[in-house]
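Have the viewer open and follow along.

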Amino acid sequence: MAIPTPVATTGLRETKKQETRQMISDHATRLFIAQGFEQTTIAEIGAAARVAKKTVTNYFPRKEDLALDHQEQFAASLAAAVAARRPGESALAALRRAFADAVAAQDPVAGFSGQQFARMIADSPTLTVCLRGLHDQREHHLVRALAEATGAHPDDITVQTAAGLLGAVHRVLFHRIQTLTLAGHPNDQIAHTIAAEAAEAFDLLEPALSGYGTA
């Protein structure tokens, strides 16, 4: 009888952990949508997922982590786009291109979450504050990416201002997607609308930032 290699065992263990994590997250989202975020307890989530309450908190230390499951990806998204800019491409052009790709893909990180999920966030004071904090984190990461791209210090006023302007456009567009979602517009229609509005929004930054942070 063959003995599984450590690599295979580790792989199976990680797969099982990911499946458990996703199961807990799915049950939590269902309960949050049905009952409201504040009204749902960790114990109820554990019971629905058929795991111990401690298991839930092991995977998700904070309750809001259960609702906003792409926090790290969201916070790093703008910085990642700047880091991945093409030769001769400015930071603004890279972010503009990345946002257009996200809209075309109807990416949840860009704000395409579905009406029920958007309503869950809008109705929860806790999640609304958490989302605002994630926007702030995203801008903080962008500051560091722009500083690295330009060889400046993160405290440099130009870096801070550029990050503020670029972060503000993305914040406005994210909330615009959420507003249209809550109003009941289908994702295809939202994507069409946002693509045009994003072009206008980014155009406003072109005079100041068209050559800033060019790779």
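## A residue in H8

Let's begin with Ala149, which is partly exposed, its relative accessible area being 22%. That counts as partly exposed because the buried class ends under 20%. Bear in mind that this is a predicted model.

Ala149 belongs to helix H8, which spans residues 125-150. Beyond its neighbours within four places in sequence, Ala149 makes contact with Val82 and Arg85. Ser90 is 59 residues away from Ala149 along the chain, yet their C-alpha atoms are separated by 9.6 Å.

According to the unreviewed UniProt entry, residues 18-78 carry the annotation "domain: HTH tetR-type". This stretch is 75% helix and 0% strand, with 26 Å between its end C-alpha atoms.

Now look at helix H2, residues 42-49, where Ile42, Ile45, Gly46 and Ala49 are buried. These residues sit on the same side of H2 because they cover an arc of only 100° around the axis. In general, an α-helix has 3.6 residues a turn, so residues three or four places apart point the same way. Just past the end of H2, Arg50 adopts a positive phi of about 60°.

## H6 against H10

How do helix H6 and helix H10 run relative to each other? The axes of H6 (residues 91-104) and H10 (residues 187-209) cross at roughly 175° and come within 11 Å, so the two helices are roughly antiparallel.

On the H6 side, the contact includes Leu92, Leu95 and Phe99; H10 contributes residues including Ile194, Phe202 and Leu209. By type, the contact residues comprise 12 nonpolar, no polar and 3 charged.

How values were computed. Residues numbered from 1 in each chain as written. Predicted model: local features only at pLDDT ≥ 70, side-chain atom pairs only at ≥ 80, totals over all residues. Heavy atoms only, no water. Buried < 20%, exposed > 50% of the residue type's maximum accessible area, 1.4 Å probe, protein only. Helix = DSSP H or I, 4+ residues; strand = E, 2+ residues; numbered from the N terminus. Arc of directions from axis to C-beta. Contact = heavy atoms within 4.5 Å. UniProt positions renumbered as here; feature names shortened; annotations may be inferred. Axes fitted to C-alpha atoms, helices over the stretch in contact; angles between N-to-C directions. Parallel < 35°, antiparallel > 145°, perpendicular 65-115°, else oblique. Nonpolar A, V, L, I, M, F, W, Y, C, P; charged D, E, K, R; others polar.
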